[in-house]
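Subject: Structure handover

Hello,

Here is the structure I promised to pass on to you. Please open it alongside this message, and I will go through what turned up.

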Amino acid sequence: MRNYILLLVGGLLLLAACNPKGKIEVQTREKSDSTEYLKVNIAQSVFTSENPETQKSCDVLNAKVRYLIDSIETTLALQADTFYTTLKQEGIERPVWNFELYVEDTVFMVSPDYISLRLMTYIFRGGAHGMTEFHAFNYDVKRRQLQSPIQILDFSKYKEINEVLKRNFVNTDNCFTEIPTLENGFTALNVSINAIYLTYPQYVLGPYSCGYAQVVLPRSELKGMLLNQ
């Protein structure tokens, strides 16, 4: 019996050593659906862990991301139904296109302590083109809380941060007409071990044809400007 207990304890200790903090894995939830009015394609990163407490924390983040995606899809489906129903009631010929929703994401960091995710949504409601939006999720796994940009960067040092932005801005083919700053409209801030990433959507720094801009700020250039080390 004593040998069995020692073996069991040893096994538990070995398991803890292999996964001391709760390693987090990344899986993908995919959805592809088409209705009479709406086409949907979704690829969402889902975070999982064999550690029960870490999994509970992952469930909180997964639910927050899922809620945002579902809310966007539900709203767009209602808009599509209203749009096409109104056309039918007014006797206007139905256009050949449908509303569209595409969702994908980028994982900048995943560790037992922190996850940084950027969700990108593309929505088409007719016209010349659709619109792309970005949503950042910077998540403290232990506290089970999202962090806002002002909890990550010291915005009181905006002049110094703007200099770092200007220095690291890559303006391919000189397409963009504006220099990125903290004040002129980034919509997502993400975190990795080595850098901070700011994402500026179309129209903020230049014409739609330029696409969005991502500026990479090395942590080594942000000394004294980071609140979340």
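How many disulfides does the count come to? The count comes to 1 disulfide. Before going further, please keep in mind that this is a predicted model.

The disulfide is formed by C175 and C210, with 1.8 Å between their sulfur atoms. The angle about the S-S bond is -90°, and the link of C175 and C210 is left-handed. This pair joins distant parts of the chain, 35 residues apart: C175 sits in the loop between α3 (158–168) and β7, while C210 sits in the loop between β8 and β9 (213–218). As for how open the two ends are, C175 has 27% relative accessibility, so it counts as partly exposed, whereas C210, with a relative accessible area of 15%, is buried. Another cysteine, C58, counts as buried because its relative accessibility is 0%.

Now to the aromatic rings. The count of aromatic pairs comes to 14. One of them is F108 with Y197: the ring centres are 4.7 Å apart and the planes stand at 50°, so the pair is tilted. Here too, distant parts of the chain are linked, with F108 in strand β3 (residues 99–110) and Y197 in strand β8, 89 residues apart. F108 and Y197 are both buried.

Elsewhere, ring pairs join Y37, F83, Y84, W97, F99 and F124 into a cluster.

One more residue to look at is S192. Where is S192 placed? S192 is in the loop between β7 (188–191) and β8 (195–200). Is S192 buried or exposed? With 8% relative accessibility, S192 counts as buried, because the cut-off for that is under 20%. Which residues does S192 contact, leaving aside its neighbours within four places in sequence? They are F108, M109, Y197 and R219, so the list includes both rings of the tilted pair described above.

I hope you enjoy looking around in it, and do write back with any questions.

Best wishes

How values were computed:
Residues numbered from 1 in each chain as written. Predicted model: local features only at pLDDT ≥ 70, side-chain atom pairs only at ≥ 80, totals over all residues. Heavy atoms only, no water. Helix = DSSP H or I, 4+ residues; strand = E, 2+ residues; numbered from the N terminus. Buried < 20%, exposed > 50% of the residue type's maximum accessible area, 1.4 Å probe, protein only. Contact = heavy atoms within 4.5 Å. Phe/Tyr/Trp six-rings, centres within 6.5 Å; stacked < 30°, edge-to-face > 60°. Disulfide = S-S within 2.5 Å.
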